[in-house]
Amino acid sequence: MQSLRLGFMMAVVIMAAGCAHQMTIRADIAGLALPAGATPIPKNVGLHISPDNRAKEVTTPGGGGDKVSYRPYADMETGLYKVFGNTFQNVDLLSTLSDVNSIAKHSLTLIAIPEITTTSSSNGVFTWMATDFTVQLSCKFTDVAGREVATVSSTGTGHAEFSDLKSDFSVAGERASRDALEKFQAAVLQSEALRK
Amino acid sequence: MNRGYLLPLCLATITLSSGCSMMAPRYTASIDNVQKIKDADTQPVKVGTFESTPGKGNANPISIRGSSLASPYDSSYAKYIAEALRQDLELAGRLAPDAKIEISGALQKNDVNIPAVGSGTGDLEARFIVKRAGEMKYDQVKTIHDVWESSFVGAVAIPRAQARYPVIVQKLLAELYADPAFIEALK
């Protein structure tokens, strides 16, 4: 009986080990506002994330030999929209780069095309959650003809202790994306090329 | 490996993957929903109170495989719906605390299930009321039944269900925003 019980528990552990555990890197955007005294860029920007990037799921290391998987573009889309809403006169979603009707309807003069890369790691041996995260955000801005105007980048980091991860498995990733968005917002506001 | 180490290791893994008190992720707006409100050219709106109607299927906290999933908004899933609406409207530039149009309502069903075998499911039902200067303009119930791939392994199925909750709310609100009568009530 004891061998049977042990065998069952081992089977559960084996099935769980090496799995990719679902998490998110959605930043909490509450309080992500235009800093006092900052002036928005007087232009309308279209945020474009391709359907492939939106659906893209990446898998990076978690703890205890396990992995974590998430959708960086889908998770950060709202935060990016919020940042562009803060830093520009107006932001609209641009589903395709050739959507001339939307470009004209919303009087867009800039198009933002983000690129996101992430890394993760964990100091946990017995738990799968990632305790450390890095989110690198790079955004190419073009005019409506596709000519590059500027590229703005930021890197966010997030760390979480086991006590935080117990109730929110994703907290390290959420902190990293929030950090990346705050730094990205500051960099956009400082970009002279975007104000020209 | 020595059997003496293996048993506690197995037990630790099983314990860590079940029986926890967890928090649902904070709501994150769907930009498609936000853009829909923005394109509809509606009037400024404020979000009033959302109640929770007691009843079977309106769980709080939600129980998933022995773990409990609480709302991050004062442990109230009705407030979760209100916060979701507020965030969508704010991102669309339509939220105004002094607006004449107010959206309120009640959460009537709220549950997530991840059986050991089969898909995960989420069910939400909410009543949405729109009043303009106190006059009723819209009163309808919206429902969503969401299905996703789950797993026998709790350490895979539970985080997947936890991460899914905001997506189920986004889908419920997508139903609301797709209703021409609702959009008309906001104009």
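Trainee: Is B:Asp41 buried or exposed?
Mentor: B:Asp41 counts as exposed, at 59% relative accessibility. Buried means under 20% relative accessible area and exposed over 50%, with partly exposed in between (1.4 Å probe, protein chains only).

Trainee: What kind of model is this?
Mentor: This is a predicted model, in which local features need pLDDT of at least 70 and side-chain atom pairs count only at pLDDT 80 or more, while totals for chains, interfaces and linings use all residues; side-chain values use heavy atoms, with hydrogens and water left out. Residues are numbered from 1 along each chain as its sequence is written, and chains are lettered from A and ligands numbered from 1 in the order in which they are written.

Trainee: Back to B:Asp41, then. Where does it lie?
Mentor: B:Asp41 lies in the loop between H2 and S2 of chain B. The helices (H or I, at least four residues) and strands (E, at least two) are DSSP runs, numbered from the N terminus.

Trainee: What is phi at B:Asp74?
Mentor: Phi of B:Asp74 is near 55°, again a positive value in a residue other than glycine. B:Asp74 sits in the loop between strand S4 (67–70) and H3 of chain B. This residue is exposed, with a relative accessible area of 60%.

Trainee: And which peptide bond is cis?
Mentor: The bond from B:Asn60 to B:Pro61 is cis, with omega near 0°. B:Pro61 belongs to the loop between strand S2 (45–52) and strand S3 (62–64) of chain B.

Trainee: Let us turn to helix H2 of chain B. Which of its residues are buried?
Mentor: In H2 (residues 31–39) of chain B, the buried residues are B:Ile31, B:Asn33, B:Val34, B:Gln35, B:Ile37 and B:Lys38.

Trainee: What do they pack against?
Mentor: The buried residues of H2(B) pack against elements of both chains: helix H3 (72–87) and strand S5 (88–93) of chain A, together with H3 and H4 of chain B. Contact here means heavy atoms within 4.5 Å.

Trainee: How do H3 and H4 of chain B cross?
Mentor: The axes of H3 (residues 77–91) and H4 (residues 154–177) of chain B come within 11 Å and cross at roughly 65°. Axes are lines fitted to C-alpha atoms, for helices over the stretch in contact, and angles run from 0 to 180 degrees between N-to-C directions. H3(B) contributes B:Tyr77, B:Tyr80, B:Ile81, B:Ala84, B:Leu85 and B:Asp88 to the contact, and the H4(B) side includes B:Tyr165, B:Pro166, B:Val169 and B:Leu172.

Trainee: Why do residues three or four places apart point the same way in an α-helix?
Mentor: An α-helix has 3.6 residues a turn, so residues at that spacing point the same way.

Trainee: Now the overall layout. How many helices and strands are there in chain B?
Mentor: Chain B has 5 helices and 7 strands, in the order α-β-α-β-β-β-α-β-β-β-α-α along the sequence. Chain A has 7 helices and 8 strands.

Trainee: What box do the C-alpha atoms of chain A fill?
Mentor: Along the principal axes, the box is roughly 75 × 35 × 20 Å.
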